[in-house]
Amino acid sequence: MDYETLLPYELMIERADMVCVQIMLAGTYMRWSAVRSQIVESSMTSISNLPESLSVTNAGQKLQGIWIACDRRHFLSRYGLQPDMVPTDYVPLFQSARGMPVAIELATQGPNIVAAQEILSCRMKEPLNSLYVAAKVTEILCNVVAQLHSIAGARGPGRIHRWEATQQAIGAAAEIYRRTLSTPPTVDELAQKVGLNRNMLTAGFKARFGATPNAFAHALRMREAKTLLDGGHLSISDIARSVGYSSYASFAHAFHAYYGVPPKKPTV
């Protein structure tokens with residue numbers, strides 16, 4: 001999915017014994033099952049096995065993401081998922097055709113964010129397009145299985161809750177970086193804001209985004225700078241200040257180191 005909703009709509013999805021993996025990159029909508037509702041939001045990977053569900057989306061939502069459906073038995077055999085290696089509360093999703101009434105939600109890891117973006121941006125012609133997408137889907141599902149196995153130690157509601165709380169803190173930290181491009185906090189300041197120690201914050205960023213907090217913040221600033229440069233409305237000095245650089249020279253050096261070219265506004 002890669003579109004903006006102009007009107008509210010509802011979508012009923014029916015499937016038989018399928019493990020469905022959804023990665024949302026942008027946007028939020030509500031998913032209803034037979035017993036309860038659940039918010040599907042960006043930065044999260046949703047894993048479900050529901051016979052049917054109803055998705056309800058409001059107008060004005062920019063929805064971007066991918067949805068992968070895989071036969072449950074094939075998912076287990078092909079990708080080597082071992083149900084006894086996932087938290088006990090999650091096992092029914094993989095061992096029964098009826099699945100679970102709610103979806104598992106995991107923080108989307110950096111490599112899967114990149115892979116999902118690459119699927120959406122692929123412009124190859126067939127047969128290359130299908131081959132490319134299939135390879136990226138395999139990459140994503142391998143990462144999801146590895147992530148499920150990695151939380152095997154989180155057995156019992158208490159440990160699962162602590163693991164999920166840590167993921168929420170990492171997500172909050174990333175959002176703080178997105179909102180403070182011009183004055184990003186130090187790693188220690190950020191850790192204090194979200195209630196983690198420095199080591200937990202760094203390990204969480206590496207697991208989720210494949211980068212340290214500083215590298216993640218730097219990438220955000222460089223991407224924002226490039227977007228502003230491409231827009232052509234601000235001077236390079238103004239852009240430098242908007243992403244936290246006090247001088248043109250320091251910004252130009254950082255931009256060149258990141259992109260391999262000096263900052264330059266598009267020619268008209």
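**Exercises on a predicted model**

The accessible surface of the protein, computed by the Shrake-Rupley method with a 1.4 Å probe, comes to about 14,300 Å², and 56% of this area belongs to carbon and sulfur atoms. The model is predicted, with local features needing pLDDT of at least 70 and side-chain atom pairs counting only at pLDDT 80 or more, whereas totals for chains, interfaces and linings use all residues. Residues are numbered from 1 along each chain as its sequence is written, and side-chain values use heavy atoms, with hydrogens and water left out.

**Exercise 1.** Compare the radius of gyration of the protein with that of a compact globule.

*Solution.* Begin with the rule, taken over C-alpha atoms, of 2.2 Å times the number of residues to the power 0.38. For 268 residues a compact globule would have a radius near 18 Å, and the protein has 21 Å, which agrees. Then turn to the C-alpha trace, which spans about 60 × 45 × 35 Å along its principal axes.

**Exercise 2.** Describe helix α8, its buried residues and the residue that follows.

*Solution.* Helices are DSSP runs of H or I with at least four residues, numbered from the N terminus. Helix α8 covers residues 213-231, and its 19 residues reach 27 Å from first C-alpha to last, close to the expected 27 Å, a span defined as 1.5 Å times one less than the number of residues. Finally, α8 is followed by Gly-232, whose phi is positive, near 75°.

Methods: Helices (H or I, at least four residues) and strands (E, at least two) are DSSP runs, numbered from the N terminus. Buried means under 20% relative accessible area, exposed over 50%, partly exposed in between (1.4 Å probe, protein chains only).
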